[in-house]
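This report goes through the strands, the helices, the ligand site and a few backbone details of the structure shown below.

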Amino acid sequence: MSHNRFGKLFTVTTWGESHGPAIGCVIDGCPPGLAIDAAEIGQALRRRATGRSRHTSQRREKDEVQILSGVFEGKTTGTPISLLIENTDTRPRDYEAIKRTFRPGHADYTYHQKYGHRDYRGGGRSSARETTMRVAAGVIAAKYLEQQHGITIQGYLAQLGPIRTDKRIDWDAIDQNVFFCPDPDKVPELEDYMDALRKSGDSVGARITVVARQVPAGLGEPVYGKLDTDLAAAMMSINAVKGVEIGAGFAAVEQKGTEHRDEMTPDGFVGNHAGGILGGISSGQEVVVSMAFKPTSSLRLPARGIDLDGQPVSVVTKGRHDPCVGIRATPIAEAMMALVLLDHLLRHRAQNLGVGDVEPKII
Ligand code: EPS
C-alpha cells in the first residue's frame, strides 16, 4: 500500500493498523527549535480518544506517545520526528465473524478488491485508529503556527443527524462537552438522541466546521496546489468524510453574485462567503472549512452482504463501535487544518522569502 505520506515540505507519514502492535508516524521538515513534549501531545490525543463518554466506542487505549527521534533537550532539532503509540486494548476476536464477509458501506470490500489480502481486524489500516497520529502531528504544526504567526485553529460540531448545533456559537463552550458542541443548550438534546440511537443499534452522520484565524494573506499555490484544493483533500482523507465545503460551499449554488461576493472596504472584507480563500490563496480572513461525515457502517443490525465467494450472507458486526464518528472528529479536522496551513506556510516561505511579506492586508 502506497501514499501514506501527507504534505510537501512539512510531511507526515503514518503507519500501523488498528489491531497491530503499534501505530506511529514520521514527521519530516519540522522547523527546528520548537519546544514539544510527550505530555503535550498526550493531552491533545485525549480529546480525540475513544471511551471518553458512553456516546463513542468503548475501546480504552492508553494512547501513550513515545518520541523516538527529532527532539533533543525538549526542542525539535529539524531532523525527522518519529512518534510511536502501542495499541494496548485490541480485541481482534470481535472481527472473526466478518473475516470472510464485507460490512456493507465499509472499506472491507474495496480493500479486498484492490489488495486481495486484508487485515480484517478492526478494519486494519482503514480504521479511524489511524487518525490518532494525525492529531499527534497536528499538535506540532498547530504549536508552530500559533507561536510564530499567531494562527489559531478551532473546530466544532455543527450538526449531528437532524440536530443543528451551530445556530449559536460559544467558543468557550466547545471543549466543555464531549460532543464539541458550540451551543451548550443543545447538549441535553444530543445526549438523548445518542442514547436512543445507541439502543436502536443504528448510526448517524454529522457535520464538523473548522475555522483558522490570523492566517496571513498569500498562502496557497495556484493552480494545482491551491489552499482550498489541499484543504479539501486533507479533510476528505479523514475516515468517513463524504463532503467538504469551503466558506459558503454548496450554498453558493443558490446565491446571486451580489450576495456571494465579499465586498471590501478600507476596514476590511464585509463578508466571508469565500471562506478566506480567493483564487486558491488565503485572503487574510478566517479560513472556514466544513465537512460531512457519513453514518458508520459497523452495525449490530443485520444487513445483506456477500462473502469472499460471492455468496449471500447476513452481516452483523460485533465489537466496540462509534454510533457517530463525527463526535470524535473535531480534533482530527483541526489537526488536518494545522498540517495543511504549516505545509503551505513553509511552501510560501520557500518561494517568496519572508512570511512577513504576507501580513494580513486587503490590497
Ligand atoms: C473503529 C472501530 C473501533 C474504534 C476505533 C475505530 O475499533 P475496534 O473495533 O478495533 O475497537 O474503537 O477507534 C479507535 C480505536 C481509535 O483510537 O479511534 C473503526 O471502525 O474505524
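Helices and strands here are DSSP runs, a helix being H or I over at least four residues and a strand being E over at least two, and both are numbered from the N terminus. On that basis Val223 is placed in the loop between β10 and α5. The model is predicted.

## Sheet with β1, β2, β3, β7 and β4

Five strands make up an open sheet, and their order is β1-β2-β3-β7-β4 with antiparallel pairing. Its edges are β1 (5-6) and β4 (65-69); each has a single partner strand, so one side of each is left without a neighbour in the sheet. Helix α1, covering residues 38-48, packs on this sheet and touches β4 and β7. The direction of α1 makes about 140 degrees with that of β4.

Within the sheet, β3 (residues 22-28) and β7 (residues 81-86) run antiparallel and are joined by six bridges. The loop between α1 and β4 contains Asp63. Asp63 is not a glycine, yet its phi is positive, at about 50 degrees.

## Sheet with β9, β8, β10, β16 and β11

Another open sheet has five strands in the order β9-β8-β10-β16-β11, again with antiparallel pairing. Here β9 (163-164) and β11 (241-246) are the edge strands, each pairing on one side only. Strands β10 (residues 206-213) and β16 (residues 287-293) run antiparallel, with seven bridges between them. In this pair, Val211 is opposite Val288 of β16.

Helix α5 (residues 227-236) lies across β11 and β16. Relative to β11, helix α5 runs at about 155 degrees. In the loop between β10 and α5, where Val223 is found, the peptide bond joining Pro222 and Val223 is cis, with omega at about 10 degrees.

## Gly161 and its contacts

Gly161 belongs to the loop between β8 (152-160) and β9. Which residues does Gly161 contact, leaving aside its neighbours within four places in sequence? They are Tyr193, Val204 and Gly205. Gly161 is 22 residues from Val139 in sequence, and their C-alpha atoms are 29 Å apart in space.

## Hairpin of β17 and β18

Strands β17 (residues 303-306) and β18 (residues 312-315) pair over four bridges in the antiparallel sense. Gly305 is placed opposite Val313 of β18. The two strands, β17 and β18, form a hairpin with five residues between them. In the turn, Gly310 has a positive phi of about 80 degrees.

## Ligand site

There are 13 residues around the ligand, and the ones that come nearest are His19, Arg48, Ser57, Arg59 and Tyr95. Sorted by class, this shell has five charged, six polar and two nonpolar residues.

The corresponding distance for the side chain of Arg59 is 2.7 Å, and for the side chain of Arg129 a ligand oxygen is at 2.9 Å. On its own the ligand has 470 Å² of accessible area, and the protein covers 94% of that area.

Note on methods:
Residues are numbered from 1 along each chain as its sequence is written. This is a predicted model: local features need pLDDT of at least 70, side-chain atom pairs count only at pLDDT 80 or more; totals for chains, interfaces and linings use all residues. Side-chain values use heavy atoms; hydrogens and water are left out. Two strands pair if DSSP finds at least two bridges between them. Contact means heavy atoms within 4.5 Å. Axes are lines fitted to C-alpha atoms, for helices over the stretch in contact, and angles run from 0 to 180 degrees between N-to-C directions. A residue is near a molecule or strand if one of its heavy atoms lies within 4 Å of it. A polar contact is a pair of N or O atoms within 3.5 Å; within protein, one must be able to donate a hydrogen and the other to accept it, and residues adjacent in sequence count only if both atoms are side-chain atoms. Accessible areas come from the Shrake-Rupley method with a 1.4 Å probe; for residues, only the protein chains shown count as cover. Ala, Val, Leu, Ile, Met, Phe, Trp, Tyr, Cys and Pro count as nonpolar, Asp, Glu, Lys and Arg as charged, and the others, Gly among them, as polar.
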